[in-house]
Amino acid sequence: RSSSPGIQRRPKTAATLVDERGHLDVVITALERADVVGLDVETFHNRHRVLSTVQVAVEGAVFVVDALAIRDIDWLRPTLEDGSKVKVIHNVDFERSVLLRYGVTLRNVFCTLRAARATMDGPHTLEALVQRLLGRRIDKAEQRSDWSVRPLSERQVEYAAEDAAVLLPLHEALR
């Protein structure tokens, strides 16, 4: 893809794929230490919206957690329900609806979509905000990927990681 002047394609986002319960300790420790957490999820539909991955970004690290392999999100509940930690999410209504199905509520959320709508003219998609505020492009080709298929492809993991990784710099730009 060609880039507009001043718009750059960012190199791959370094992420840790976590697909075994025994490897969650590093994610939990990072979340416990963080004051601000970027959060994104991917889902697929059968009869219901099913959580496929949970992506979390903290300063210096991005994790893509395979929710189908881990089978629950109890490990995430303390962070999401902790009112002292800021959760940065683009389009919080979507994440909130998915997480409520799993009995998890969100507290202290900074929604980049709402913040952008309140402070600037559109468009307000994640892709548009990253381009406008961070001066780079993100690849959205995997957005409609089949998130029920395992193993996840390298492109799916990269896509999921990047969607979470951009949330922290967007939070800074929109504050």
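**Exercise 1.** In this predicted model, determine how many of the 12 residues of helix H7 are buried, and name them.

*Solution.* Helix H7 is mostly covered, as 10 of its 12 residues are buried. A residue counts as buried under 20% relative accessible area. The buried residues of H7 are Gln156, Val157, Glu158, Tyr159, Ala160, Ala161, Glu162, Asp163, Ala164 and Ala165. Helix H7 itself covers residues 154-165 and reaches 16 Å from its first C-alpha to its last, close to the expected 16 Å.

**Exercise 2.** Classify the orientation of helices H5 and H8 from the angle between them, and describe their contact.

*Solution.* Helix H5 (residues 112-119) packs against H8 at an angle of about 30°, and the axes are 10 Å apart. Angles under 35 degrees count as roughly parallel. H5 and H8 are therefore roughly parallel to each other. Their crossing is left-handed. In the contact, Thr112, Ala115, Ala116 and Thr119 of H5 meet Leu167, Leu170 and Leu174 of H8. By class, this contact of H5 with H8 holds 5 nonpolar, 2 polar and no charged residues.

**Exercise 3.** Carry out the corresponding analysis for helices H6 and H8.

*Solution.* Helix H6 (residues 126-134) and helix H8 (residues 167-174) pack at about 60°, with axes 10 Å apart. H6 and H8 are therefore oblique to each other. The crossing of H6 and H8 is left-handed. On the H6 side, Leu126, Leu129, Val130, Leu133 and Leu134 take part, and they meet Leu167, Pro169, Leu170, Ala173 and Leu174 in H8. The residues of this contact of H6 with H8 comprise 10 nonpolar, no polar and no charged.

Key. Residues numbered from 1 in each chain as written. Predicted model: local features only at pLDDT ≥ 70, side-chain atom pairs only at ≥ 80, totals over all residues. Heavy atoms only, no water. Axes fitted to C-alpha atoms, helices over the stretch in contact; angles between N-to-C directions. Helix = DSSP H or I, 4+ residues; strand = E, 2+ residues; numbered from the N terminus. Parallel < 35°, antiparallel > 145°, perpendicular 65-115°, else oblique. Left-handed = near helix turned anticlockwise from the far one by under 90°. Contact = heavy atoms within 4.5 Å. Nonpolar A, V, L, I, M, F, W, Y, C, P; charged D, E, K, R; others polar. Expected span 1.5 Å × (residues − 1). Buried < 20%, exposed > 50% of the residue type's maximum accessible area, 1.4 Å probe, protein only.
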